[in-house]
Amino acid sequence: ANTSSEEGERVSFVVSSGPEQEASRYLGAISENFNMRNLIGPGQMEANVRVFIRLRQDSDEGSVYRTLMDPTIINGNDLLPVDFPRIVAILPDEYGEVEVVNADTGEVLQSYPVRFFKTE
């Protein structure tokens with residue numbers, strides 16, 4: 001401010017959108033167990049399924065997802081812990097779903113509701 005420069009001299013400036021505001025986050029948690037036996041039935045000991053776990057939240061524009069656990073193979077006799085003590089919401093919303101998904105077909109095998117709470 002209140003300075004001058006020579007013609008052709010390079011001038012730098014910064015454009016600001018205003019003071020930085022502290023963003024609120026929405027946090028949730030879940031502690032469940034997914035039991036493959038309920039889906040497979042007889043012959044469960046030999047059955048293997050590759051699954052992953054994701055968070056899904058819905059908005060007016062559609063569903064958005066975040067992977068919580070990468071694909072892993074589970075046996076039909078396994079108990080898969082769906083245990084996430086700190087889930088950060090994708091959207092600033094109070095509700096979402098944690099889904100156990102068949103990684104090969106995209107089929108949602110089990111869905112658990114999760115509630116998020118606003119934090120400062």
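Me: Which residue does Glu94 form a salt bridge with?
Reply: Glu94 forms a salt bridge with Arg115, and their closest N and O atoms are 3.0 Å apart. A salt bridge here is a side-chain nitrogen of Lys or Arg within 4 Å of a carboxyl oxygen of Asp or Glu.

Me: Where do Glu94 and Arg115 lie?
Reply: Glu94 lies in the loop between E4 and E5 and Arg115 in strand E6, so the pair ties together parts that are 21 residues apart in sequence. Strands (E, at least two residues) are DSSP runs, numbered from the N terminus.

Me: Before I go on, what kind of model is this?
Reply: This is a predicted model, in which local features need pLDDT of at least 70, side-chain atom pairs count only at pLDDT 80 or more, and totals for chains, interfaces and linings use all residues. Residues are numbered from 1 along each chain as its sequence is written, and side-chain values use heavy atoms, with hydrogens and water left out.

Me: Thanks! How many salt bridges are there?
Reply: The count comes to five. Arg54, Arg56, Asp58 and Glu99 are linked in a network of them.

Me: What are the distances for Arg56 with Asp58 and with Glu99?
Reply: For Arg56 and Asp58, the closest N and O atoms are 3.1 Å apart. Arg56 and Glu99 meet at 2.5 Å, N to O. Arg56 lies in strand E2 and Glu99 in strand E5 (residues 95-102), so that pair ties together parts 43 residues apart in sequence.

Me: Are Arg56 and Glu99 buried or exposed?
Reply: Both Arg56 and Glu99 are buried, meaning under 20% relative accessible area, with exposed over 50% and partly exposed in between (1.4 Å probe, protein chains only). Asp58 counts as partly exposed, at 39%.

Me: Changing topic, what's the strand order in the four-stranded sheet?
Reply: That open sheet runs E3-E2-E5-E6, with antiparallel pairing; two strands pair if DSSP finds at least two bridges between them. Its edge strands are E3 (62-75) and E6 (108-115), each pairing on one side only. E2 and E3 pair over 11 bridges.

Me: And where does Gln57 sit?
Reply: Gln57 is in strand E2 (residues 48-59) and counts as buried at 0% relative accessibility.

Me: Which backbone oxygen does the Gln57 side chain reach?
Reply: The Gln57 side chain reaches the backbone oxygen of Tyr95 at 3.1 Å.

Note on methods: A polar contact is a pair of N or O atoms within 3.5 Å; within protein, one must be able to donate a hydrogen and the other to accept it, and residues adjacent in sequence count only if both atoms are side-chain atoms.
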